[in-house]
Amino acid sequence: MSSKTQALVLLLSPLLLLSHLSSSQGYPIVTYWGQNVNEGELSTACDTGKYEIINIAFMNTFGNGQTPNIDLSGHCSESWGVPYTKYASQIAYCQGLGIKIFLSLEGASGQYGLSSAQDAQEVAQYLWTYYLSGQSPGLLGNVTLDGIDFDIEAGSNLYWDVLLKDLYTYKEVKTFYLSAAPQCPIPDCYLDTAIRTSLFDYIWVQFYNNPPCKYTDGDTQKLISSWNQWTATFNANKFYVGLPASPAANGSAGGYVPIDVLNKEILPQVETSPKFGGVMLWSRYFDYLSGYSDQIVCTPHEAFNVVRAPLVAMMKSASEVLYRLLSHY
């Protein structure tokens, strides 16, 4: 390739990249998989290419000396002869696609809780050994998950900060992520002390269930005000706007945001925060039915942020080639 042609390609490439991504790039999407057998397999969810992170929902029994258990609501059961270990290969497949797979600690129901700091330490060691380290096979088989999600919505509010701190110490051995899914009122009833440690990498705030901070009847301000309070008060690498993926996803508890309202009125406001990470949807099943995530689009401003770094690198390369070319004349 001649120097002139090389320079022309380098000059045009950033423009083509910006044009493509500004028109097609969506926001990072997080979802929860595992609570409805009709949502399909985990690998199928990954094949859609929609999701940045998928939380396996849920580990519903742990702590208080109990034998840990995972509930995947009809996807598999040891008693049926369909073990949880069938998902080890699907988890590895998804990770090979660049999708992060987390294990979510049970949300609104389940037999879980922490009785002491020692109990929290033992649960942290269990999660590390059987789900994060890759050292020993757990209920999901021999897996090395990308993170642990705290979706704590029942039981006691004690020792979740201790569990978080104990898990965080294992980051010295291996990189993984810690996330939280608090309700939108501040303080969160269960996770406030853990959130105030500033050790969570990601926080996807559930902007539903709670009238003071959810979208209702054309009113976006309660949600946006709550978002601003979360990002100003707490520290995490990224915050996500958590929403139901359809009206049916949360039923009478509400919080569903029509897609036009989300794209035109909410996302342009919240994306201005440097802490903005994307959108969390409950759940994969309801997103599968509604196609909600397919309709979430970047504004031109956010699309430019997505391509800023590669764009600068390409322009720098182009300028260097042009400099060398012109220096010969």
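A disulfide is a pair of cysteine sulfur atoms within 2.5 Å. The views below are close-ups of a predicted model.

**Figure 1. Disulfides of the chain.** A search of the whole structure finds two disulfides. Counting the bonded cysteines along the chain, the pattern of pairing is 1-2, 3-4. One of the links is C46 to C94, and another is C184 to C213. The two links are shown separately in the next views.

**Figure 2. The disulfide of C46 and C94.** The sulfur atoms of C46 and C94 are 2.1 Å apart. C46 belongs to helix α2 (residues 42-47) and C94 to helix α3 (residues 87-96), so the bond ties together parts that are 48 residues apart in sequence. The link is right-handed, with 100° about the S-S bond. Both C46 and C94 are buried.

**Figure 3. The disulfide of C184 and C213.** Here the distance from S to S is 2.0 Å. C184 sits in the loop between β7 (177-180) and α6 (192-195), and C213 in the loop between β8 (202-206) and α7 (221-233); the pair therefore ties together parts that are 29 residues apart in sequence. Because the torsion about the S-S bond of C184 and C213 is about 75°, this disulfide is right-handed. C184 has a relative accessible area of 2% and is therefore buried. C213 is buried as well, with a relative accessible area of 3%.

**Figure 4. The cysteines C76 and C189.** C76 has a relative accessibility of 4%, so this residue counts as buried. C189 has a relative accessible area of 53% and is exposed. The cut-offs behind these two labels are under 20% for buried and over 50% for exposed.

Figure 5. The structure holds one cavity of 30 Å³ or more. The volume of the largest cavity is about 30 Å³. Its lining is made up of Y32, W33, G34, Q35, N36, E39, A57, W282, S283 and Y285. Sorted by class, the lining residues are five nonpolar, four polar and one charged.

**Figure 6. The aromatic pair of Y126 and Y131.** Across the whole structure, a search finds 25 aromatic pairs. One of them joins Y126 and Y131, with the ring centres 5.7 Å apart. The planes of the Y126 and Y131 rings stand at 65° to each other, and the pair is edge-to-face. Y126 and Y131 are both buried.

**Figure 7. A cluster of aromatic rings.** The residues shown are F102, Y177, Y202, W204 and Y240, which ring pairs link into a cluster.

**Figure 8. K171 and the ring of F176.** K171 lies over the face of the F176 ring. The distance from K171 to the ring centre is 6.0 Å.

Figure 9. P247 is part of helix α8, which covers residues 247-250. With a relative accessible area of 52%, P247 is exposed; the cut-off for that label is over 50%. P247 and V257 are 10 residues apart in sequence. In space, the C-alpha atoms of P247 and V257 are separated by 8.3 Å.

Definitions and conventions. Residues numbered from 1 in each chain as written. Predicted model: local features only at pLDDT ≥ 70, side-chain atom pairs only at ≥ 80, totals over all residues. Heavy atoms only, no water. 1 Å grid on protein atoms, 1.4 Å probe; cavity = no way out; pocket = protein on both sides within 12 Å on 5 of 7 lines; lining within 4 Å. Points joined across faces, edges and corners; volume = space filled by probe spheres on them. Nonpolar A, V, L, I, M, F, W, Y, C, P; charged D, E, K, R; others polar. Helix = DSSP H or I, 4+ residues; strand = E, 2+ residues; numbered from the N terminus. Buried < 20%, exposed > 50% of the residue type's maximum accessible area, 1.4 Å probe, protein only. Phe/Tyr/Trp six-rings, centres within 6.5 Å; stacked < 30°, edge-to-face > 60°. Lys NZ or Arg CZ within 6 Å of the ring centre and 35° of its normal.
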